[in-house]
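Please read the numbered points with the sequence and the model in view.

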Amino acid sequence: MGDYLTTPELLPGERIDQLYSEDIQIIQSPQVFSFSLDAVLLANFAKPPMKQASTLVDLCAGNGAVSLFMAPRVKGKIAMVEIQPRLADMARRSVALNQLDQQITVYQQDLATIFDQIHKDSIDAVVCNPPYFADLPDSKKNPNQYLAIARHEIATSLETVISVTSGLLKTNGKAYFVHRPDRLPELMSMMQKHRLAVKRLQFVYPKVGKDANIMLVEAIKDGGTSGLKVLPSLMTYDESGEYSAPVKKMLYGD
């Protein structure tokens, strides 16, 4: 992508970080939102649509990390959908920073209302890093409202996200999710209910000997129920406590 011509105005507490493997810069704030490894894993796991006329939609986009990291591999357009105005603003400024305004549009709105902007049954692929935790009365939530909404199903629910994903996708369109392994039965049940067939599954482990703490899921709209592939496990850290070779490659390139 080369040199950046635009230096955005940063708000207090914000900084610019870089994903070296894709030569992408992103505006972050520890007080508001910083992308986690989950976003990098999802961006790497998802297969972008290859047609120039295609569109990829990023639901629960946060500060835009997943879309930004995928942008160099996406031939068509990208639409980010984020409910929190401050996060959507960070995403817009990162889009401008990387000179991707022609490719990426940011919609600051509730994903449940996105059909007023994007036609149903029109999208080739959807990626989503949704809130991981159900909004239960006794669940402990981060006192920081930005982080609470990003992590808990306060502003949306897993079923809403899956229903909207299915509504957006064309037949045979693909959905890519990153989530917690303990919610796999619920995720698969809801996907089946909303015409999404799970086709690829990968579990990510902190290190050897630990339980999986992340899962990556690919589903196809109106796909058959057979043919699920479980990919080889991925370790976040190696035995010396460093990032594993595959994770290093995602972060820093070859």
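**Notes on the cores and strand β9**

1. Apart from neighbours within four places in sequence, Met80 has contacts (heavy atoms within 4.5 Å) with Asp58, Ala61, Gly64, Ser67, Leu68, Ala91, Val95, Ile104, Thr105, Val106 and Tyr107. The model is predicted: local features need pLDDT of at least 70 and side-chain atom pairs pLDDT 80 or more, while totals for chains, interfaces and linings use all residues. Residues are numbered from 1 along each chain as its sequence is written, and side-chain values use heavy atoms, without hydrogens and water.

2. Met80 also belongs to the largest nonpolar core, which has 39 residues; Leu41, Leu68, Phe69, Met70, Met80, Ile104 and Val127 touch the most other members. Helix α1 (residues 37-45) gives this core its largest share, seven residues. A nonpolar core is a set of buried Ala, Val, Leu, Ile, Met, Phe, Trp, Tyr and Cys residues joined through side-chain atoms within 4.5 Å. Buried means under 20% relative accessible area with a 1.4 Å probe, protein chains only.

3. A second, separate core contains 30 residues, including Val81, Ile114, Leu158 and Val198.

4. Strand β9 (residues 214-221) is largely enclosed by the rest of the structure, because eight of its eight residues are buried. Ile214, Leu216, Glu218 and Ile220 point one way, and Met215, Val217, Ala219 and Lys221 point the other way. Helices (H or I, at least four residues) and strands (E, at least two) are DSSP runs, numbered from the N terminus.

5. Strand β9 runs antiparallel to β7 (residues 169-179), with six bridges, and Ala175 has Ala219 as its bridge partner. Strand β8 (residues 196-205) is also antiparallel to β9, through eight bridges; Leu201 stands opposite Val217. Strands pair if DSSP finds at least two bridges between them.

How values were computed. Buried < 20%, exposed > 50% of the residue type's maximum accessible area, 1.4 Å probe, protein only.
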